Amino acid sequence: MADVSDPQINEAYLDVRSDKSETNWVLLDYESDRSDKLKVTQTGTNGLSELRDAFVDSKASFAYARVTYSNDKESQREKFILIVWIGPGCKVMRKAKISVHTADVKSVFRVYSIEVPAHEKNDLNEDPIVVKLRKAGGASYDGV
């Protein structure tokens, strides 16, 4: 099991969800290669492009992000995503634990529209994620 007991994790989650905060993502990393304790390592305000640069190829990480997109000319939507990052250089034993640890992370990052598995930084391009969010969002009147 992953240790997600650090109060900063829940605080960062609530900060990303808050309409009053500019923070739109939080990144969780393991304390060390041998630890199963997760901690907040970064937060940001510049969306998925900034978050994408925060992931390290040799690590497994979890992120929670607010994605804002236009649904049509008159409206904007905000949706939340959970990102499960397994970098291309991540160690085998860490990869083996990720599915179990993801369940523990979901106990803190409770509300999200889609889960995005990512193994390379191109998996975090905003356009395909927005397409998935639109599909998950229900009725679409603009042909998407």
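Reader: Why is F109 called buried?

Author: In this predicted model, F109 has a relative accessible area of 0%. The cut-off for buried is under 20%, so F109 counts as buried.

Reader: What makes the rings of Y30 and F62 an edge-to-face pair?

Author: Their centres lie 6.4 Å apart, and a pair needs centres within 6.5 Å. The planes stand at 65°, and over 60 degrees counts as edge-to-face, so that is the label for Y30 and F62. The pair links distant parts of the chain, with Y30 in strand β1 (residues 25-30) and F62 in strand β3, 32 residues apart. Y30 and F62 are both buried.

Reader: How many aromatic pairs does the structure hold?

Author: There are 6 aromatic pairs. One of them is formed by Y13 and F109, and it is stacked.

Reader: How do you know that Y13 and F109 are stacked?

Author: The angle between their planes is 20°, and stacked means under 30 degrees. The centre-to-centre distance is 5.7 Å, which meets the limit of within 6.5 Å. This pair also links distant parts of the chain: Y13 belongs to helix α1 (residues 7-17), F109 to the loop between α3 and β5, and they are 96 residues apart. Y13 has 2% relative accessibility, so Y13 counts as buried. Y13 and F109 also belong to one aromatic cluster with Y64 and F80.

Reader: What sits over the ring of F80?

Author: The charged end of R17 does, 4.3 Å from the ring centre; the distance limit is within 6 Å. Likewise, R94 lies over the face of Y30, at 3.6 Å from the ring centre.

Reader: Why is H101 called buried?

Author: H101 has 1% relative accessibility, so with the cut-off at under 20% it counts as buried. H101 is placed in helix α3 (residues 92-106). Leaving aside residues up to four places away in sequence, H101 touches M1, A2, Y30, D36, F62 and R94.

Reader: Which residues of helix α4 are buried?

Author: In α4 (residues 126-136) they are I129, V130, L133 and R134.

Reader: What puts them on the same side of α4?

Author: They cover an arc of only 140° around the axis, so they lie on the same side of α4. The buried residues of α4 pack against α2 (47-54), β3 (60-70), β4 (76-86) and β5 (114-118).

Conventions. Residues numbered from 1 in each chain as written. Predicted model: local features only at pLDDT ≥ 70, side-chain atom pairs only at ≥ 80, totals over all residues. Heavy atoms only, no water. Helix = DSSP H or I, 4+ residues; strand = E, 2+ residues; numbered from the N terminus. Buried < 20%, exposed > 50% of the residue type's maximum accessible area, 1.4 Å probe, protein only. Contact = heavy atoms within 4.5 Å. Arc of directions from axis to C-beta. Lys NZ or Arg CZ within 6 Å of the ring centre and 35° of its normal.
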